[in-house]
Amino acid sequence: MSFSAEAAWRALGGVPDPEIPAISILDLGIVRAVSCEDDRVAVTVTPTYGGCPATEVIREDICSALQAAGAREVAVTVQLTPAWTTDWLSEDTKARLKAYGIAPPATRAGEPQPLRFRPRIRCPRCESARTEQLAAFGATACKALYRCLDCLEPFEYFKPI
Ligand SMILES: [Zn+2]
């Protein structure tokens, strides 16, 4: 019984990010490589943030999704370089983040940012640019906590890294 890479990618597309269930781990771009040999599958992932506690959850979710799809053995390798960057998020994924209530990264991670310049973070609910940062870290280190000065709703901002 062999297992195809297509079947593996399909199964991985059904694995949600543990922190943002609205997007899959493929949307996040953390799956770097998939290889299949008979019914054994090897997956290489680059976690979003080095110390992200979600990495273990993702590893287990990948194993169970692939086993449910018919893989007999699953090996998940964590690759730390090149480091994951929010630049790997597709426009479609950013739109889905916004629909979920999280402001997507406003700048590219590689862009030099002048010290005094803070990009305008738009409220994911009402599009207002009148927002203020409440805390540099939200529920997770990868997000900052903002508040909209128009609709007064707090929201999370996915920081570019
Ligand atoms: Zn708002």
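Four helices and seven strands make up the secondary structure of the protein chain. The model is a predicted one. From the N terminus, the elements follow the order α-α-β-β-α-β-α-β-β-β-β. The chain has 161 residues, of which 27% count as buried. Its C-alpha atoms fill a box of roughly 60 × 30 × 25 Å along the principal axes. Among contacts with a separation of 6 or more, 51% join residues 24 or more positions apart.

The chain is divided into two parts, domain 1 (5-78) and domain 2 (91-158). Their C-alpha centres lie 27 Å apart. Seven residues of domain 1 and eight residues of domain 2 form the contact. On the domain 1 side, the touching residues comprise four nonpolar, one polar and two charged.

An open sheet is formed by three strands in the order E1-E2-E3, with mixed pairing. Strand E1 (31-37) and strand E3 (73-78) are the edge strands, each pairing on one side only. On average, neighbouring strands of this sheet are turned by 15° against each other, direction ignored. Strand E2 (residues 40-45) pairs with E3 in the parallel sense, over six bridges. Thr44 stands opposite Thr77 in E3.

Two helices pack on this sheet. Helix H1 (residues 5-12) touches E1 and E2. The direction of H1 makes about 140° with that of E1. Helix H3 (residues 54-68) touches E2 and E3. The direction of H3 makes about 155° with that of E3.

Conventions. Residues numbered from 1 in each chain as written. Predicted model: local features only at pLDDT ≥ 70, side-chain atom pairs only at ≥ 80, totals over all residues. Buried ≥ 20, exposed ≤ 12 C-beta atoms within 10 Å, placed from the backbone. Domains from an automatic or database assignment. Nonpolar A, V, L, I, M, F, W, Y, C, P; charged D, E, K, R; others polar. Pairing = 2+ DSSP bridges. Axes fitted to C-alpha atoms, helices over the stretch in contact; angles between N-to-C directions.
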